[in-house]
Each structure stands twice: as C-alpha cells, then as structure tokens.
Amino acid sequence: MSSSALLRPAVLIVSDTAAADPSTDRAFPALRQTFAQDGAGKWAEPVVEIVRDDILEIQRVVRSWTDGESSSSTTTPGTGPVNLVVTTGGTGFARRDFTPEAISPLIHRHAPGIVHGMLAASFQVTPFAIMSRPVAGVRNKTIIVTLPGSPKGAKENLEAILKLLPHACLQAAGEDSRSAHAGGVKKLEKDAGVSGSTANTTTTTTTPAATNASSGHDHSHSHHHDHDHSHGHGHGHGHGGHAIPKAHTDPSNRPPQSNDMLLGTAARARSSPYPMLSVSDAVATIFENSPAPIVEVRDLSPDLTGYVVAEDIRAVEAVPAYSASIVDGYAVMVRDAKATSAAHRDAPSTKGVFPVASVSHAQASSMPPPLQPGQVARITTGAPVPANANAVVMVEDTVIASLTDDKTEEATVEILTDAVTAGENIREPGSDIKLDEVVVTKGTRISALGGEIGVLAAAGVRKVPVYRKPVVGIMSTGDEVTDVAYEGTLTGGMIRDSNRPSLLTLLRGWDLCERVVDLGVARDTPHHELEQKIRDGFRAHGVDIVVTTGGVSMGELDLLKPTVERSLGGQVHFGRVSMKPGKPTTFASVPFKLGSSGERDRRLVFGLPGNPASALVTANLFLLPCVQRMAGLSGKGLERVVVKVQGRVRCDAARTEYHRVVVGVAEGRDGGSLTLVAKSTGMQRSSRVGSLARANALLVLPQREGWIEDGGDCEALMMGMIHGI
C-alpha cells in the first residue's frame, strides 16, 4: 500500500492527568507501536491530542477529525477526515469517566460487533473486562472506537480488532460493497490476515456478533445502509385510524439489510439504522451543515422587501440637507441675544406689518434670496428657509395687510404676535438624520411596511448590502401522486398531490426565498427519475435546497436516502426525529461542483414525510429555521406563545406531539382580561388533510403521560395570524 493510500488513524488521550502533564501519558506510545508492528503496513503515523475528562472537549476534537469538508463525498484513504479515531481513557465507572457519554451521541451507526470482539478478547485476559464500557461505530465516514485508559488494556483491545479495521474503514469511506465482497469471506480473511482459527482473533471470529461482522455477506462490517425508506406519501393512505402503528418485533431480531436499490425487495431494510434525534438536536444538525449566508449588493428598491441587511448602513446625506420650515407661514428675523450676528441680536419685534420680500416653495429648482432686516418671506412646509431668517411664524398668527397691484399676492402681512423665538418652526440640517449616522443596522429585515426603504432613500443610500435569499425547489414523489390539474377521474391508487401546492404556498408566504421553484413529481419507477429531478433542481433551476415529500419511511420504493447516498454521493445527516407527526423526516447534503472552476459547494435536501399534516409541520419546524439562517436571520423558527387549551388534549409518552390548533383571542374565564386560546382542529392523524384547514398554530404537547386539561397552559408555535375563536 502506497503512503498516499495509507489509512489515517487518530488517537485521543482522555485524561485530566495527561492534559496537565503530557509526559505522564503511556497509552499513546503503546498504541503507536501497535499500529506500526501489528498494522500490516496499512496505517499512517497516528495523530494525537490530549484532552481533559470533559464531554465537550472530547466531542470538539472528535468532530474536528470526522467532520471535514470531504466527508460529504467518497473519502480516499490518505485524504480528508481521518479513517479511524481511537480514544483511550474514561470508559470505566469512576466519577469522571465520561468518554462513552461523549462519543455515543456522535455516532451515526453503532458497531456492536467491534465492542463484543474487544470485550471477549479482554475477558480472556481478566474478568475485570466487564468493568469497561466501550463504544464503537461510524460517524460520517470515520470509524470511532473507545479503548480503556491503561496502556496494557488499550493495546490488548486494539490488537483484538486491528486486523479487521482496514476493511471497516474502507467500507465507511465509501468503498463499493459488492466489489469488496466479490471473493467471499475466505478472501476477506486472507486479505486481513485472520481466520476462524487465528489465535489472536479467536475471540472476534467465533462469537456470534463477531462472526456476522466478518461473514462477507452484503450486510456485513457495519456498512449496511438499512435506511428508513418507506414512502409514507400519505396523501390519503394514512394509518386508517388514530392508533399509532408500532412494530411488535425487536430490531435485534431482524436481519440486517442493504439500501442498494438494485438488490430488490428481498434486500430492503426492515428497520432504520438512524439514531432518533430530538427536534432541537435535529435543528442544530441542520445549522451545522447548512451553508453560511452570502452577501450581495442590490439597488435600493421596493424589491428588497424581505431581505436582511448584511451590515450597518450609514447615511450618505444629512436629512434635511438644509434648514427647512415645518409649517406654512412666514420666515422672519427675530431677536436672539445669543446670536453672533448683529442683525439677529438687534432685530425689532416681530409684531407689526412687514413687506413680503419673496416666496419659498418646497421645490428643487432654486433657493430663495437672503432675507433683509424688516422683511418677511412667505414659505411652505418643507421649503428651504432663506438665509438670515431664523424663525417661521405660522400662517395662523398672521393676516394680510395689503395686496399687490394685480391682487394675486399679499404685498404686506401683519404678524399678530411677538412671542416667536429663534429657531421656532425650523428643522435644522441633519436634525432628522446626521451625515454618516447608522440608519439601518445589520440583521434588520426590510419589512413591507415601508419604513426601512423610506429611511434609506431619504439618507441618499442607493446600494444596499443584503444576504442573498436562497432558492428552494419543491417536489412530490410517488407513482400514485396525481397533479391537481388532472381533469380525469381518479382510478386505482391515484391520489391528488396536495403537498406540493401547499408547500409552494407556505414558502412563498414566508417571503424568505429569492424563488420557490415547482419541481413537479418524481416517479418511483424508474428509480433514476428522483436522482435526475434532484440534479435538474440544482443545475437547471439553480436551487440551493430541494424539498421532497414522501419516500423517506420504510417501503421498498422509499428512495430518497439511497438516492442521496448512492447516486448523488451525499450524506444523510439524520433520518428520524422523535416527534409526532413527522418521525421519518430526513435531512441531507449533496456535493455540488461550481461550473468549470472545479470548486466544490454543497446543496441541501429535506425529505419531508408524505402525509400532508406531517409535511406541513416538519416544513415549519426544520425547513423554516434553515431558510431563515441562509437568508441572514437567527433561525429561531416560528414565534412561540403561551395559550390556554380549550378542551382536554392527550400527551404522548413516547414523542413530543405538534397538534394542529386554531389560536385566537378570547375573554378570560373571569370575564376580564383577554387571553390567547387554542382550539384543536380535530383528529390529528398525519394523513388527515382536514386538520390543516384554518390551523394557524402548532400546540407543543410535552412528551409525557397524561393530559393537558381544559384551561391548562401550553406552548404554541404560531404559523399565521391570530383568528377569532
């Protein structure tokens, strides 16, 4: 094996003592020697880091090794993220042994066979092996294994599995499964240098778990992709009742399968390999894997409505740019003892009759001539104040004394008061907006109310830096899905496509997307149509996010996950969420080549369930925060309010439920103050389209036994405007 093709190992020392004094560590030298002497020349020099017994520190380092840029595509040994991470320390029962708790949440696919092999080998050495709590599995394209902290124990555990790890690492990195197993189990054993009778691997090849791990079948070596593939389009073929479907067998009793679309129904997955994420963890995963907002400069226009300002914007011009009148009346010179001008210090009383020297209108053509002592100038609201004038008398405080010869204008006016003071009724330059003053701050979303556009225009701003809005494409999947424009009679299993028009409407209503593209319907047969339509969405339509509905559950034609992973070279970041409805919601990223430059980018895929209610709920919970973040907002999702529940609502002990409700304002039960009240839209089966009508909020029912009683408080997520109840 050439040096460029060597597998890349990394060793993480977890020890408070070694973190304080690295010279005390003895485990890394032992592991380094094991890789060199027993690794059959397949391993590069290990990289090493030392951290304290701290969950966040452990996770930070492991993520830095496993979540590299190239993890979204097939990783060649010697490039990209490391192929193998081994930790040593923190796997026992001591108060600060946290390594299993740190590693377990990071693992996407667990590898119990590796754990069993290490424990079986260690138990041959000492019964105290039962005191270890090892964890093993795959994160992205990297194998992770936790070893004991003692140098001897770490070395023995690594030796027990080391010869089998190259095959596992290559499979995790994207090696073709069928090619790798073409020679059968004997060839695999020969290549690894092991056999069922090899002394050093007896414990890993004779136990049931280890035998499956090296059997050479298509489902071996933790590379099986038994993904969550059922259609679940739902458009009418829901559960047939309100009872929640549940399997009556344990996953451990089901044979592992593949997600290879070419292998047919007999090989499809029977259970999902994806961990069940909480809603908050799923949103965090979306944020971690979404592109950062992109800044672009646009011309100031009403078309900027909905865009988020990307930096503080300063006034190019002062507002007003000149002294302006704020009333209709007459510009005058009034006495001002503090003035530097003698004419203002010695000005006579404003009360009396004065000739009208000029007229100043609010127009851009010219400025009025300077005012002389003893004169006044007629002026309109917003017009520039003549030079030397230092106040404006309201027209209400004057009367016409005489007219011009043609009787069309006043020749003289009488001012009826001498109470006018210097500066009265004058708007000074920059009094509204000063030159270079920040008029709109970074992160401000330009609203349809006109205020932000108005102030930018007034301040002379012509170019506005904003975050680019993403382009989102909406697609339904399934042979049974029929477009709403179809005029014929529905026959057989045909169903109207309600998801696509519903989601197109929803996203356009958010006003967060530059464009929302209708990508049509992808048929399940032939299999490549989904792949082609996703590619067309990225290439032909320039979308940043493809949103599909259906094809994410456990059926033989649930093609989204295998299409993303096998055909598009993408990565499924999660495939199940602990929520109701919407459990099979899927989020993935796909590598994307930017034109002829060869630069790599990534595009996102949201696989929403096919049932109408599930699609709408999950779009609001997962797609909305993502689009918000890409458009430059914080990504907080729907607004949260506390409501009073009208009627009893049952909670689910297994999952958090998002119950469709109508939220409105009603009088409190004491007949006094107003309060927000939530009323259920009825039966909540995920395929029930009727539950969506008028629903403007999602009631967040906590995961627990029991009920929210009538009149009880509950949190709700507002999808729309508040209704009357």
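User: Which residue stands opposite D518 of β22?
Analyst: This is a predicted model, in which local features need pLDDT of at least 70, side-chain atom pairs count only at pLDDT 80 or more, and totals for chains, interfaces and linings use all residues. Residues are numbered from 1 along each chain as its sequence is written, and side-chain values use heavy atoms, with hydrogens and water left out. Strands (E, at least two residues) and helices (H or I, at least four) are DSSP runs numbered from the N terminus. The residue opposite D518 in β22 is I474.

User: How many bridges join β19 to β22?
Analyst: Two strands pair if DSSP finds at least two bridges between them. Strand β19 covers residues 471–477 and runs parallel to β22. The number of bridges joining them is 6.

User: Which strands stand at the edges of the open sheet, and why is one side of each left without a neighbour?
Analyst: The sheet has 6 strands in the order β22-β19-β23-β27-β26-β24, with mixed pairing. Each edge strand has a single partner, so one side is left without a neighbour in the sheet. These strands are β22 (515–522) and β24 (571–574).

User: What angle does helix α16 make with β22?
Analyst: Helix α16 (residues 528–539) lies across β19, β22, β23, β26 and β27. Axes are lines fitted to C-alpha atoms, for helices over the stretch in contact (heavy atoms within 4.5 Å). Angles run from 0 to 180 degrees between N-to-C directions. For α16 and β22 the angle is about 165°.
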